[in-house]
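Please look over the sequence and the structure, and then follow the text from the core to single residues.

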Amino acid sequence: PESQTVGSQHFFHFLAFVGHIPFGLICHPNKEHLLYPLGCTVVIQELASKKQAFLHGHTNNVSCIVVSRSGTFVASGQVTFMGFKADIILWNFWKKELLARLSLHKGKIEGLAFSPNELYLVSLGGQDDGSVVVWDVLTREAVCGSPASARSAGNTTIVECSGCRDEMFVTAGNGTIRVWELDLPNRKIRPTECQTGQLRRVITSLKIADDDNYFYAGTSSGDILKVNTNNKLMTEYGPKEKFSLGITALILLKTGDLIVGTGEGIVALCKGSNYKAMKRIQVQGGVTSLTCRGEGHQFFVGTNMCQMYRINYTAFKEELIAACHNEAVNDIVFPVGTSDLFATCSKNDIRVWHTPENRELLRIVIPNMTCYAIEFMKDGKSIISAWNDGKIRAFMPETGRLMYVINNAHSLGVTAIAATNDCKRIVSGGGEGQVRVWAIGEKTRKLEAVLKEHISTVSCIKLKKNDQECVTASLDGTCIIWDIVRSVRKQMILANTLFKCVCYHPEEYQLITSGTDRRIAYWEVFDGSAIRDLEGSLSGSINGMDITSDGAYFVTGGDDHLVKMWDYKEGTVTHVGVGHSGNITRLKICPGNKYIVSVSADGAILLWKYPDFP
């Protein structure tokens, strides 16, 4: 067998922020960078320039992340399969390099904390592991460990280190708050249960005061407990009117006041004495992280609706700095001839992005509906979209204003859509398997033809450049080439697979298809005969493909989370891109071959540099 080297593709920008990881957004002590986990990677984003760097090394999704007080070390933990060891990775922030893999815990790393002088790292395993371990940062060895909570108490979910002593830390969770002392000579950690009297609470966030005399615990009931660290007694709790949906994040300010984030999406400034909210603002989605920049004059909020906000302490007004899809992204398209814009669609909305600045330009919201496919009309005057309520909707690309709706276009939702080059016709496919051709006039939309052959969902439609022929791929295991002028079937391609994607070669004498059988097949357009069959992926279906304008290369992506670049003639992989943590749903090469954009089922959008071919 010939040995071949496969290059690796590097993504240079993420248009994504996954907000559902608790305390996942962290502002670096240098006040210039934000860190957050995204899938298997940790993203380091410069605040001023929005440049991103990435820490690659985890084999599965990152579940928690923490930065040491000086900012030199970053530690991140991951989830893994039941019974396997979950790694903690220790990184050097400045060199962006992996220092050590610490593995003891099974299943999941629930929480991490660095001691104030960076001597120790404390880690907490998930509920299947249930242990707390202290690691020595310099030798990278485990010092000692212990079960995290008493047998009678619930799961421990949070760990927080002392403000000034390396030997003390606090863990908390369901009905348990413990203060631990590290006894280094004997290599033991000794817990003391904190007494909360009659109160039964699930602790969801912790903050320890800098002088170590007391700490605050936010609860899922929506109140705050203040616990004395010396005698381990709860001294007070409040407010009387609890916060709705629980307190999910806390910041303790130098003044003794608290900033509270709640599950309802309230960010409030609370007085240190009676916890009464003095100022409050509402953000979109439940708050999952609060992080200070510097002394607390500015702070950042991350929510589970994948929104990131910057808030100035004095003005106490929120400013949205990043937003992303929080549901699966179903499609991505570029307008004709420009690589500066692209559109993506998901549940509830269509979003238009501007690539030079990597920001969202427009959001078209149709609540509670899912958009399956979108297309820019070739004249650039409208975005047409396919929705699960059986309607085809067209919007203005600049303002997002609704231009027209075709009601009841298909009976089980519209699942695929394409438009002719002269912008006079739309071809749509539905969940029931019909393909319909619509004539689009200035003011009128007319059904021209119904093509009934497929017996299951139409997954992809591609048109020839001359507007006279199209190919439709379906989950019933057929691809059909239609004459859309005479409305008849020309050829039918059969395979033992659910077809997910199909592409014409730019010279339009061949097709490539792929789907759930993980094979990439080349077909003759003229008579539908098979030319070649490649193994496209080792695991999982292939959901998206796109071919370059000259037909020399094509890209595929699917359930193996990899973006692969193929040589069309050779049928070999030239580059592989690793970075997605969800199943890739669609991907496109931008006009002019500057980069490749791939979208996935976890809501991430990745931009990849187009490889330089010699």
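A nonpolar core is a set of buried Ala, Val, Leu, Ile, Met, Phe, Trp, Tyr and Cys residues joined through side-chain atoms within 4.5 Å; buried means under 20% relative accessible area, exposed over 50%, and partly exposed in between, with a 1.4 Å probe and protein chains only. The model is predicted, so that local features need pLDDT of at least 70 and side-chain atom pairs count only at pLDDT 80 or more, while totals for chains, interfaces and linings use all residues. Residues are numbered from 1 along each chain as its sequence is written, and side-chain values use heavy atoms, with hydrogens and water left out.

The domain assignment gives domain 1 (57–323) and domain 2 (329–609), with bounds that come from an automatic or database assignment. The C-alpha centres of domain 1 and domain 2 lie 44 Å apart, and five residues of domain 1 are in contact with five residues of domain 2, where contact means heavy atoms within 4.5 Å.

The largest nonpolar core has 23 residues, and Leu 34, Phe 300 and Ile 596 have the most contacts inside it. Among the elements that each supply at least two residues of this core are β4 (33–38) and β56 (605–609); strands are DSSP runs (E, at least two residues), numbered from the N terminus. Because domain 1 and domain 2 both give residues to this core, it lies between them. Leaving aside neighbours within four places in sequence, Leu 34 is in contact with residues including Leu 25, Val 43, Phe 300 and Ile 321.

Asp 87 lies in strand β9 and is buried, with a relative accessible area of 14%. Glu 432, in the loop between β39 (425–430) and β40 (434–440), is buried yet has no salt bridge, and the nearest side chain of opposite charge, Arg 436, is 5.1 Å away. A salt bridge is a side-chain nitrogen of Lys or Arg within 4 Å of a carboxyl oxygen of Asp or Glu, and for charge Lys and Arg count as positive, Asp and Glu as negative, with His and the chain ends not counted.

The table lists polar contacts (pairs of N or O atoms within 3.5 Å; within protein, one must be able to donate a hydrogen and the other to accept it, and residues adjacent in sequence count only if both atoms are side-chain atoms).

| Side chain | Partner | Distance |
|---|---|---|
| Asp 87 | Arg 101 side chain | 3.0 Å |
| Glu 432 | His 410 side chain | 2.9 Å |

Definitions and conventions
Helix = DSSP H or I, 4+ residues; strand = E, 2+ residues; numbered from the N terminus.
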